[in-house]
Amino acid sequence: QARLVESGGGLVEAGGSLKLSCEASKVFFSGEGMGWYRQGPGKERELVARIKYTGATEYGDTVKGRFTISRDNDKRTVYLQMNNLFPNDTAVYYCGLGYDPRQWGQGTQVTVAS
């Protein structure tokens, strides 16, 4: 089974930025799609952004123009650069393995203070 380890969450003020990382192991990373999803308090898990092995990307409507997903196959890592954060971006952010995820990381908390 693959291992996914997220990092980079934390507390930030509204309008600030954070960069999340998800390092994968025990998987053929360069051949996999990867994604970032989030689950806010009392909400269902939703797509934030995902990236195919080709580099093609897709974003959730609420983050377009603010967040950027990228990958470094040499480092087996997918990133999520989050700019201009809003309080309603507060959530646990999960890394997903596969363009339609079949495995999840443990999650990292992002809290945006107003």
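The legends below describe an overall view and several close-up views of one predicted protein model.

The model is predicted, so that local features need pLDDT of at least 70 and side-chain atom pairs count only at pLDDT 80 or more, while totals for chains, interfaces and linings use all residues. Residues are numbered from 1 along each chain as its sequence is written, and side-chain values use heavy atoms, with hydrogens and water left out.

**Figure 1. The protein chain contains 11 strands and 0 helices.** Helices (H or I, at least four residues) and strands (E, at least two) are DSSP runs, numbered from the N terminus. Along the sequence the pattern reads β-β-β-β-β-β-β-β-β-β-β. The radius of gyration, 13 Å, is close to the 13 Å given by the globule rule for 114 residues, so the chain is as compact as a globular protein of that length. This radius is taken over C-alpha atoms, and the rule is 2.2 Å times the number of residues to the power 0.38. Along the principal axes, the C-alpha atoms fill a box of roughly 40 × 25 × 25 Å. Of the 114 residues, 46% are buried; buried means under 20% relative accessible area, exposed over 50%, and partly exposed in between (1.4 Å probe, protein chains only). Among contacts (heavy atoms within 4.5 Å) with a separation of 6 or more, 56% join residues 24 or more positions apart.

**Figure 2. Tyr 37 and Trp 104 form the 1 aromatic pair of the structure.** The ring centres of Tyr 37 and Trp 104 are 5.0 Å apart and the planes stand at 90 degrees, so the pair is edge-to-face. Rings of Phe, Tyr and Trp (its six-membered ring) pair if their centres lie within 6.5 Å; planes under 30 degrees apart count as stacked, over 60 as edge-to-face and the rest as tilted. The pair links distant parts of the chain, for Tyr 37 lies in strand E4 (residues 34–39) and Trp 104 in strand E10 (residues 103–104), 67 residues apart. Tyr 37 is buried at 9% relative accessibility, whereas Trp 104 is partly exposed at 35%.

**Figure 3. Glu 32 occupies the loop between strand E3 (18–25) and E4.** Glu 32 counts as buried, with 14% relative accessibility. Leaving aside residues up to four places away in sequence, Glu 32 touches Val 27, Lys 52, Tyr 53, Arg 71, Leu 97, Gly 98 and Arg 102.

**Figure 4. Ala 14 is placed in the loop between strand E2 (10–13) and E3.** Ala 14 is partly exposed, at 41% relative accessibility. Apart from residues up to four places away in sequence, Ala 14 touches Leu 85, Pro 87, Val 112, Ala 113 and Ser 114. The C-alpha atoms of Ala 14 and Tyr 93 are separated by 17 Å, and these residues are 79 residues apart along the chain.

**Figure 5. Arg 76 and Asn 84 have positive phi values.** Phi of Arg 76, a residue other than glycine, is near 55 degrees. Arg 76 belongs to the loop between strand E7 (67–72) and strand E8 (77–82), and is partly exposed with a relative accessible area of 29%. Asn 84, which is not a glycine either, has a phi of about 50 degrees. Asn 84 is found in the loop between E8 and strand E9 (91–97), and is partly exposed with a relative accessible area of 39%.
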